[in-house]
Amino acid sequence: TENKNLKKATNAVRASIEKGETLARSMAQFPQVFPPLMIHMVAAGEASGSLEIAMDRMGTQFEKSAKIKSLVGKAMIYPIAVLVVAIAVVIVLLVAVIPNYADMFEDMGTELPAITKMVQAMSNFIIDWWFLLIIIVAGAAFAIVTYSKTNSGKHLFGKLTIKLPIINNMSIKSASSMA
């Protein structure tokens, strides 16, 4: 393999097996390389004497998971692109277009509706404090990613996966195709 981590792990697993350790225990020394499902299936296969069947099932499982992950990734490209373009358009409107109309609104001399004042305030905020928004968005993204790696975060995002209609349907299709 060209993957240095996998190569290092497989060589270490081989050396551990040669010393008399079980395959599952040897693999468990590298949780960043071998997923828990694989380690547990290998342990069960070793205990029952059906390691070949366990490996075959894991291969099938991981192939299906990779295929579904690829399909979901491809399916998400369009909505993400639309979202990025929409955000860019809103930012351009707030930064470039609204300030040009602000002078025109002032020249009219009439009381502006609350929503128009709110849009002008958002425009001024983005123009004056754009760097603060970048820091807030980056901090929020970092916090979400960090939280999603904790047990409670995995639990929460698992619940959200079940409750969000589009993701829920993909999860159900994924589970049924693996059975």
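Visitor: What does serine 16 touch, leaving out residues up to four places away in sequence?
Guide: This is a predicted model. In it, serine 16 touches Glu21, Ser26 and Gln29.

Visitor: Which helix is serine 16 in?
Guide: Serine 16 is found in helix 1.

Visitor: Is serine 16 buried or exposed?
Guide: Buried. Its relative accessible area is 11%, and the cut-off for buried is under 20%, so serine 16 counts as buried.

Visitor: New topic. Which residues make up the largest nonpolar core?
Guide: That core has 11 residues. They are Ala9, Val13, Leu23, Ala24, Met27, Phe30, Phe34, Met38, Ile39, Val42 and Met58.

Visitor: Which helices each supply at least two residues of this core?
Guide: Helix 1 (4–18), helix 2 (23–28) and helix 3 (36–48) each do.

Visitor: And phenylalanine 30, what is it in contact with, leaving aside neighbours within four places in sequence?
Guide: Phenylalanine 30 is in contact with Ala9, Ala12 and Val13.

Visitor: Switching to helix 4 and helix 5. How do their axes cross?
Guide: Helix 4 covers residues 51–108 and helix 5 covers residues 114–148. Their axes come within 9 Å and cross at roughly 130°.

Visitor: Why are helix 4 and helix 5 called oblique?
Guide: The crossing angle is roughly 130°. Roughly perpendicular ends at 115 degrees and roughly antiparallel starts over 145, so the pair is oblique.

Visitor: What is the handedness of that crossing?
Guide: Helix 4 passes helix 5 in a left-handed crossing.

Visitor: Which residues make the contact?
Guide: From helix 4, Leu94, Val95, Ile98, Pro99, Ala102 and Phe105. From helix 5, Thr116, Val119, Gln120, Met122, Ser123, Ile126 and Ile127.

Visitor: How do those divide into nonpolar, polar and charged?
Guide: The contact of helix 4 with helix 5 has 10 nonpolar residues, 3 polar and no charged.

Visitor: Now helix 5 and helix 6. What is the angle?
Guide: Helix 5 and helix 6 (residues 151–163) pack at about 100°. Their axes are 6 Å apart. The two helices are therefore roughly perpendicular to each other.

Visitor: Which residues make that contact?
Guide: Helix 5 gives Ile144, Tyr147 and Ser148. Helix 6 gives Ser152, Gly153, Lys154, Leu156 and Phe157. By class, the contact of helix 5 with helix 6 has 4 nonpolar, 3 polar and 1 charged residues.

Visitor: Last one, tryptophan 129. Where is its place?
Guide: Tryptophan 129 is in helix 5. It counts as partly exposed, at 43% relative accessibility. Its C-alpha atom is separated by 28 Å from that of threonine 110, 19 residues apart along the chain.

Methods. Residues are numbered from 1 along each chain as its sequence is written. This is a predicted model: local features need pLDDT of at least 70, side-chain atom pairs count only at pLDDT 80 or more; totals for chains, interfaces and linings use all residues. Side-chain values use heavy atoms; hydrogens and water are left out. Axes are lines fitted to C-alpha atoms, for helices over the stretch in contact, and angles run from 0 to 180 degrees between N-to-C directions. Helices (H or I, at least four residues) and strands (E, at least two) are DSSP runs, numbered from the N terminus. Angles under 35 degrees count as roughly parallel, over 145 as roughly antiparallel, 65 to 115 as roughly perpendicular and the rest as oblique. A crossing is left-handed if the near helix is turned anticlockwise from the far one by less than a right angle, and right-handed if clockwise. Contact means heavy atoms within 4.5 Å. Ala, Val, Leu, Ile, Met, Phe, Trp, Tyr, Cys and Pro count as nonpolar, Asp, Glu, Lys and Arg as charged, and the others, Gly among them, as polar. A nonpolar core is a set of buried Ala, Val, Leu, Ile, Met, Phe, Trp, Tyr and Cys residues joined through side-chain atoms within 4.5 Å. Buried means under 20% relative accessible area, exposed over 50%, partly exposed in between (1.4 Å probe, protein chains only).
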